Amino acid sequence: SRPFVVEAAVAAQSVASLAALSDFLDFGKEPKFLLEKFLYAAAFSPRPSGELLHLVLDKLDGRRLAPEVWETGIVAVGSLVGKLCQQKLCGLQQEVKRGMETILGGLRGAKEESEVVIYLLALGNAVLPETIPILLDHAEEGPTTISTAAVSALRRFPARHISGKVKRAMRRIFHEKRKSYEKTCRLAAAEILLDNEPSPMDIINILLAANELETETATFLLLKVQNSLRADHHPARKIMKDIMRDPRINNYNFFSKAGISSSFSGPLTVTQDLLSTFGLDLLFLEGGFLRKSVSDFSLLSHGQQLHAAQVTIEAQGVESMLEENTLEGEEEPELKAGMSAIFFNVQLRPIVFFQGYTDLMAKFLLSSGEPTSVVKGNLLLMDHHQVIPLQSGLQVTVKLQGGLGLDISADMDVNIWEQELKTSINARGSLAIDFQVELDAPFLQATTKSQTEVETSIHFDTLLRFSGSPVLLCLQLREEQVPYR
């Protein structure tokens, strides 16, 4: 029951509950899972207070923490700073300034690449326009891991902040004007250009560049471009339709790449007010190995987009382990597999399944067979209180609260003898919403209450068998029946 009480105390955010949390949580002694529950509950808080950020910063300050707790704490600080700024409290709350100094000061002093990546992901959670120049510098000048993390953080910004300066930097990265970049970084830069009011010339140049790329990267990129034609809400759709009228662009020579990489997006639910979509990206290497998979569940309503869930699984260096040749001029990547996730616009800390051959063998031999937990807990997603004066002089009080129970786990299994790669993502969630309207007058009292509960469970599995040629791939997406009360 302790984890639930901690989550409830964070949701309450009263002076008493925050004081109790401060006394109870000893970051030097408490188990990691409980500290992470506290930090994630804070990160997902819909309307956090400056006092909650103060508590998080105090608990992180000057302590030697387990790496997982420190990483979760930094991305949580980014989320809290961003949400406080959305409430127009940036200049009013001293804690917001302290939170940004914690992230930016840490970024300047970070020695390890893995530390720099965490601070960049925290800036992605904060989504503050004044940090864009810092992200651009790391995106263009940093080594592969840092450059990719910085571009990923820039993708979190809404279109109004993707200025000409940002687009010029993304063009330099994609077209490799200054130096060479890893393919996933180049593709992410291309997606920023495509998803943010692209110019016709940008789209044409991306299509022309695709002709020069290796088969799998070109296949993936061309499918991304074609997806924009099918999605009614995509900002590039009208421009794409105009470009596709030109037979010099829309021809077999451009769109005949025969790779196995794919990019798909389609609707799950369509109503007058809401569109929910499922997207799946699979990027393969030339030898047929899965380099990156992205599963995306998004909600679009009245021009606003919410990333309900985005799970990315990456594997690199598997081809060198099986003595496949890397492309000429490319560095031989380190053997590594991991995962990152975004839930309700909050980036979680990345999870490493294995890093290096020794680590892979150790985890293979000592594996418990249990999937890795990404996030598990109960979160307050909505907390709204409003008093509405009526023309009659009476007042109506509106209260809305929504809580989410979430259990997300993921697993990756590399079978060296069978030459198989399996990934699985399991997501279970239950949403409860309480709505209440009260009219209270000396001569009349009236109350309307509504309670809604919905549960869902989604499982996504991939199986890649590379013992023969062609490589065999099996994908399975299972959605259990959704009870709605």
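Author: Ground rule before we start: two strands pair if DSSP finds at least two bridges between them. Strands are DSSP runs of E, at least two residues long, and helices are runs of H or I, at least four; both are numbered from the N terminus.

Reader: Fine. In S11, what is the bridge partner of Ser424?

Author: Asp461. Another opposite pair is Ala427 with Ile458 in S11.

Reader: What kind of model is this?

Author: This is a predicted model, where local features need pLDDT of at least 70, side-chain atom pairs count only at pLDDT 80 or more, and totals for chains, interfaces and linings use all residues. Residues are numbered from 1 along each chain as its sequence is written, and side-chain values use heavy atoms, with hydrogens and water left out.

Reader: Back to S10 and S11. How many bridges join them?

Author: 22. S10 covers residues 420-441, S11 covers residues 444-465, and the two run antiparallel. A hairpin of two residues links S10 to S11.

Reader: What pairs with S11 besides that? How many bridges to S12?

Author: Eight, again antiparallel. Arg465, for example, has Leu472 as its bridge partner in S12.

Reader: What is the strand order in the whole sheet?

Author: S8-S9-S10-S11-S12, five strands in an open sheet with antiparallel pairing. S8 (372-389) and S12 (472-479) are the edge strands, each pairing on one side only. Neighbouring strands are turned by 10 degrees against each other on average, direction ignored. Axes there are lines fitted to C-alpha atoms, and angles between N-to-C directions run from 0 to 180 degrees.

Reader: Where do side chains point in a regular strand?

Author: They alternate between the two faces of the sheet.

Reader: New topic. How many disulfides in the whole structure?

Author: One. The cut-off is a pair of cysteine sulfur atoms within 2.5 Å. Cys85 is joined to Cys90, S to S 1.8 Å.

Reader: Why is it called right-handed?

Author: Because the torsion about the S-S bond of Cys85 and Cys90 is about 85 degrees.

Reader: Is Cys85 buried or exposed?

Author: Buried, at 13% relative accessibility. Buried means under 20% relative accessible area, exposed over 50%, partly exposed in between (1.4 Å probe, protein chains only). Cys90 is partly exposed at 32%.

Reader: And Cys185, buried or exposed?

Author: Buried, at 1%. Cys474 is partly exposed at 44%.

Reader: Last one. Which residues does UniProt list for "domain: Vitellogenin"?

Author: Residues 7-208, from an unreviewed entry. UniProt positions use the numbering here, feature names are shortened, and annotations may be inferred rather than shown by experiment. Over residues 7-208 the model has 71% helix and 0% strand, with the end C-alpha atoms 51 Å apart.
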